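Biologist: I have a structure open and I am new to reading one. Could you take me through it?

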Amino acid sequence: MKPIGNVEFLKTSVILKISAFFVVAATFFYLGKHWSDGYPQLVYFTTTRQAPSVAISPNDDKLFNLSALVDQNQTLALAPPTPSPPPPLRRFGIVDENGTMSDEFEVGEFDEGLVEDWRNETKTDGSDGDGDGDGGSSSSVRVTKFELCPKSMGEYIPCLDNKEAIRRLKSTAKGEHFERHCPEEGRGLNCLVPAPSKYRTPIPWPKSQDEVWFYNVPHTRLVEDKGGQNWITREKDKFKFPGGGTQFIHGANEYLDHISKMIPEIAFGHHTRVVLDVGCGVASFGAYLLSRNVITMSVAPKDVHENQIQFALERGVPAMVSAFATHRLLYPSQAFDMIHCSRCRINWTRDDGILLLEVNRMLRAGGYFVWAAQPVYKHEEILEEQWKEMLNLTTRLCWEFVKKDGYVAIWQKPFNNSCYLNREVGTRPPLCDQDDDPDNVWYVDLKACITRLPENGYGANVTTWPARLQTPPDRLQSIQIDAYTSRKELFKAESKYWNEIIESYVRSLHWKKIRLRNVMDMRAGFGGCEPFDTYPRTYDFLHAAGLFSIEKKRCNLSSIMLEMDRILRPGGRVYIRDALSIMDELQEIGKAIGWQITVRDTSEGPYANYRIFTADKHLLRG
């Protein structure tokens with residue numbers, strides 16, 4: 001091959017340069033046209049010391065895939081990148097006088113739009129009613145505006161504050177005065193229970209676990225009586241909860257660790273999911289179990305320990321007023337994986353152990369009873385005698401004494417009836433009769449007998465959490481329902497049905513923007529329609545599906561809605577999913593109560609027979 005001369009080389013170089021220039025020009029022309037026609041706007045950010053500014057390119061109505069472009073051109077030599085713009089932030093806080101936003105702020109007074117001046121006057125409308133049955137929902141005289149109750153009723157619990165009924169009791173030796181005594185028909189709640197004069201929006205969870213507003217529960221006796229035991233303290237306008245208790249003054253977490261080390265099989269949040277805390281105080285035991293994935297129902301009577309359940313609910317811990325006295329507690333058999341009593345001031349061995357037999361009824365087969373009390377560890381004569389009585393009783397109940405460590409003793413309930421059947425003839429307490437229904441609890445007297453366990457093992461074989469949530473339990477087969485369909489299929493269908501409804505609530509009603517903590521789902525067919533044993537203003541949200549169209553036949557609907565208003569916090573919400581035919585009456589009563597009401601279509605559309613009644617409760621001032 002002949003070598004290229006200098007002249008020819010120069011000519012070739014010029015040709016290459018010209019060619020390269022045209023290629024580059026064509027490339028930029030193509031890219032410029034492609035960006036202009038096929039991609040959206042480019043947004044350019046510039047930053048100054050004062051504030052960021054934004055300029056918009058002429059491609060203001062185009063879409064483009066910036067990532068793809070960068071990938072396609074990643075071999076190009078790029079200039080040092082400018083700082084990328086910050087992602088859009090959605091922050092909520094308080095801006096101070098210097099223009100600085102902080103999320104360290106406290107909820108103040110109610111927004112003026114949520115406070116309503118409510119005059120004490122009762123207006124009536126003499127329209128004819130169309131109710132049927134005793135105490136029907138309609139009457140010849142309809143109240144169009146309910147008045148506020150006297151301030152003395154600010155913490156009124158209808159079935160526990162019936163002083164007339166309590167005065168008529170023949171005896172109170174066994175705690176009869178702490179049990180339910182509901183008002184007679186026609187003498188129930190007929191006014192709106194007022195909030196304290198300085199009531200404030202509750203502190204949200206999880207901060208409420210440690211502190212609540214003083215003026216929402218303005219009582220100091222617990223501070224005076226139990227402050228030295230780390231129950232509760234007061235600091236200015238707040239109550240603080242250090243997390244201790246009478247028997248665990250160093251804190252509930254340390255106490256729970258102690259129990260877990262004693263019996264690893266308890267396995268909080270895995271094997272043990274549902275717990276009953278008896279004589280709960282301000283419910284720190286239940287509050288700290290929440291972080292271990294355990295749901296605890298905290299119960300205590302309305303006694304000298306002033307408003308302890310009200311403190312628990314203000315903190316956002318599940319609780320209700322309840323007492324071990326002469327009637328069964330309102331829970332079915334085998335309801336709890338563990339029952340706990342720490343200095344709960346209950347004499348478990350009295351009357352042939354009738355109170356511990358009630359614990360046995362509610363405790364799941366294989367469940368644990370945890371007792372932390374002075375007889376466990378003190379060596380005084382009277383306390384040692386109480387300890388011997390407790391050991392004797394639990395042995396006759398066939399409970400296995402698992403372990404004692406320090407001030408805590410733990411027993412385990414048997415998994416079946418074999419021990420009961422092999423006891424010596426005449427051993428007390430006896431087994432309950434075969435026809436005794438352990439799930440019948442509404443005003444049923446306590447019985448000094450041992451509740452039989454199902455022969456098929458229902459209740460004992462429970463799946464561990466969280467699989468337990470979606471697994472139909474064996475004992476579902478024992479529930480009496482009028483259905484030919486498999487109960488397991490009904491369980492799965494109901495779970496799917498409510499999952500879809502909740503998803504629709506979250507999506508269309510913007511639940512993610514609402515702070516909900518204390519929630520009650522009101523269902524017809526369980527118990528009665530009597531008032532619930534809780535303090536006023538303890539729930540953020542009340543939900544009822546199909547309740548009113550069923551109870552309309554036997555109850556006055558205004559009585560139900562006044563009770564709902566009593567237990568609902570100002571700023572709280574009500575959702576009623578019910579028949580279209582009852583919506584007008586619900587709206588009429590709701591307006592008379594002062595609720596702000598909206599009626600919506602269900603997901604089935606405007607021609608469905610059901611509607612969703614939603615209401616907001618305002619803070620009413622007299």
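Biologist: What percentage of the residues in the protein is buried?

Modeller: First, this is a predicted model, where local features need pLDDT of at least 70, side-chain atom pairs count only at pLDDT 80 or more, and totals for chains, interfaces and linings use all residues. Residues are numbered from 1 along each chain as its sequence is written, and side-chain values use heavy atoms, without hydrogens and water. Buried means under 20% relative accessible area, exposed over 50%, and partly exposed in between (1.4 Å probe, protein chains only). Of the 622 residues, the buried share is 42%.

Biologist: How many helices and strands are there?

Modeller: Both are DSSP runs, numbered from the N terminus: helices are H or I with at least four residues, strands are E with at least two. The protein has 15 helices and 23 strands.

Biologist: Is Ser 342 buried or exposed?

Modeller: Ser 342 lies in strand E14. Leaving out residues up to four places away in sequence, Ser 342 touches Gln 247, Phe 248, Tyr 255, Val 278, Gly 279 and Ala 372; contact means heavy atoms within 4.5 Å. Its relative accessible area is 11%, so Ser 342 is buried.

Biologist: Are H14 and H15 parallel or oblique to each other?

Modeller: Helix H14 (residues 557–567) and helix H15 (residues 583–593) pack at about 45°, with axes 10 Å apart. Axes are lines fitted to C-alpha atoms, for helices over the stretch in contact, and angles run from 0 to 180 degrees between N-to-C directions. Angles under 35 degrees count as roughly parallel, over 145 as roughly antiparallel, 65 to 115 as roughly perpendicular, and the rest as oblique. H14 and H15 are therefore oblique.

Biologist: Which residues of H15 meet H14?

Modeller: On the H14 side, the residues are Leu 557, Ser 558, Met 561, Leu 562 and Asp 565. Their partners in H15 are Glu 585, Leu 586, Ile 589, Gly 590 and Ile 593.
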